[in-house]
Amino acid sequence: MAGAQQKENYQRILDKTLEAIVKEGRTPRLLLHSCCAPCSSYVLEYLSQYFEITVFYYNPNIYPEEEYRERTKEQKRLIGEMKTANPIHFLEGEYDTAAAKGHEKDPEGGSRCFRCYELRLREGAKTAKEGGFDYFTTTLSISPLKNAQKLNEIGIRLGQEYGVPYLQSDFKKKNGYKRSTELSSQYGLYRQDYCGCVFSRREEEAFACG
């Protein structure tokens with residue numbers, strides 16, 4: 001369509017970044033926001049070859065609290081069991097359910113979700129700056145249901161605001177999502193059947209009842 005914005009190939013951009021890192025012979029520090037252990041599995045396997053990673057588990061929208069605690073526990077377990085070339089550390093953000101006032105009726109994948117992207121990525125950028133990290137990014141793009149274009153747009157903007165480069169990526173590429181399901185099976189990870197927030201849970205329950 002004439003005038004349509006061309007989508008970036010974020011995997012190609014990531015490949016070039018990783019090539020440059022290898023040529024420099026260094027191991028940068030990466031703050032990796034993670035939404036859950038299953039989604040992080042492939043990303044950790046992939047990026048730990050190039051970075052010293054700190055998994056930043058910040059997901060205040062997960063509902064209910066028992067679900068949040070279960071996902072946190074699985075994230076820690078995965079980090080403890082995975083064998084990686086470089087160390088992986090864990091950092092937990094605050095759990096305080098964030099409101100989505102005025103967006104309760106938004107469809108899944110719409111503006112409410114974009115607000116949630118920004119909430120988590122902003123906290124990631126802020127934490128990366130405070131910790132002196134070389135890059136920050138998120139595992140969220142590995143999901144076929146998440147908008148990689150929007151995630152990268154937000155991440156790049158926040159990286160410029162906080163002075164920490166956003167590692168551009170689309171982790172569902174190169175069979176990333178498929179590999180995450182294989183690793184989830186290998187490690188016996190708990191895989192939730194909804195995104196995490198109260199709204200996505202209601203939609204999943206409504207679909208199941210329908």
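**Salt bridges and a helix pair**

Mentor: E45 and R179 form a salt bridge, with 2.8 Å between the closest N and O atoms. Keep in mind that this is a predicted model.

Trainee: Where do E45 and R179 sit in the chain?

Mentor: E45 is in helix α2 and R179 is in helix α6 (residues 176-187), so the pair links distant parts of the chain, 134 residues apart.

Trainee: How many salt bridges does the count come to?

Mentor: The count is 15 salt bridges. Another of them is between the side chains of R69 and E92, at 3.6 Å from N to O.

Trainee: What does the R69 and E92 pair tie together?

Mentor: R69 lies in helix α3 and E92 in strand β3 (residues 88-92), so parts 23 residues apart in sequence are tied together. R69 counts as partly exposed at 40% relative accessibility, and E92 is partly exposed with a relative accessible area of 31%.

Trainee: Switching to packing. At what angle do α2 and α3 pack?

Mentor: Helix α2 (residues 37-47) packs against helix α3 (residues 65-81) at about 25°, and their axes are 9 Å apart.

Trainee: Why give both an angle and a distance?

Mentor: Because two packed helices are described by the angle between their axes and the distance between the axes.

Trainee: So are α2 and α3 roughly parallel or roughly antiparallel?

Mentor: Angles under 35 degrees count as roughly parallel, and α2 and α3 are therefore roughly parallel to each other.

Trainee: Is the crossing of α2 and α3 left-handed or right-handed?

Mentor: The α2 and α3 crossing is right-handed.

Trainee: Which residues make the contact?

Mentor: From α2, A37, S40, S41 and L44; from α3, E74, Q75, L78 and I79.

Trainee: How do the contact residues divide into nonpolar, polar and charged?

Mentor: In the contact of α2 with α3, four are nonpolar, three are polar and one is charged.

How values were computed
Residues are numbered from 1 along each chain as its sequence is written. This is a predicted model: local features need pLDDT of at least 70, side-chain atom pairs count only at pLDDT 80 or more; totals for chains, interfaces and linings use all residues. Side-chain values use heavy atoms; hydrogens and water are left out. Axes are lines fitted to C-alpha atoms, for helices over the stretch in contact, and angles run from 0 to 180 degrees between N-to-C directions. Helices (H or I, at least four residues) and strands (E, at least two) are DSSP runs, numbered from the N terminus. Angles under 35 degrees count as roughly parallel, over 145 as roughly antiparallel, 65 to 115 as roughly perpendicular and the rest as oblique. A crossing is left-handed if the near helix is turned anticlockwise from the far one by less than a right angle, and right-handed if clockwise. Contact means heavy atoms within 4.5 Å. Ala, Val, Leu, Ile, Met, Phe, Trp, Tyr, Cys and Pro count as nonpolar, Asp, Glu, Lys and Arg as charged, and the others, Gly among them, as polar. A salt bridge is a side-chain nitrogen of Lys or Arg within 4 Å of a carboxyl oxygen of Asp or Glu. Buried means under 20% relative accessible area, exposed over 50%, partly exposed in between (1.4 Å probe, protein chains only).
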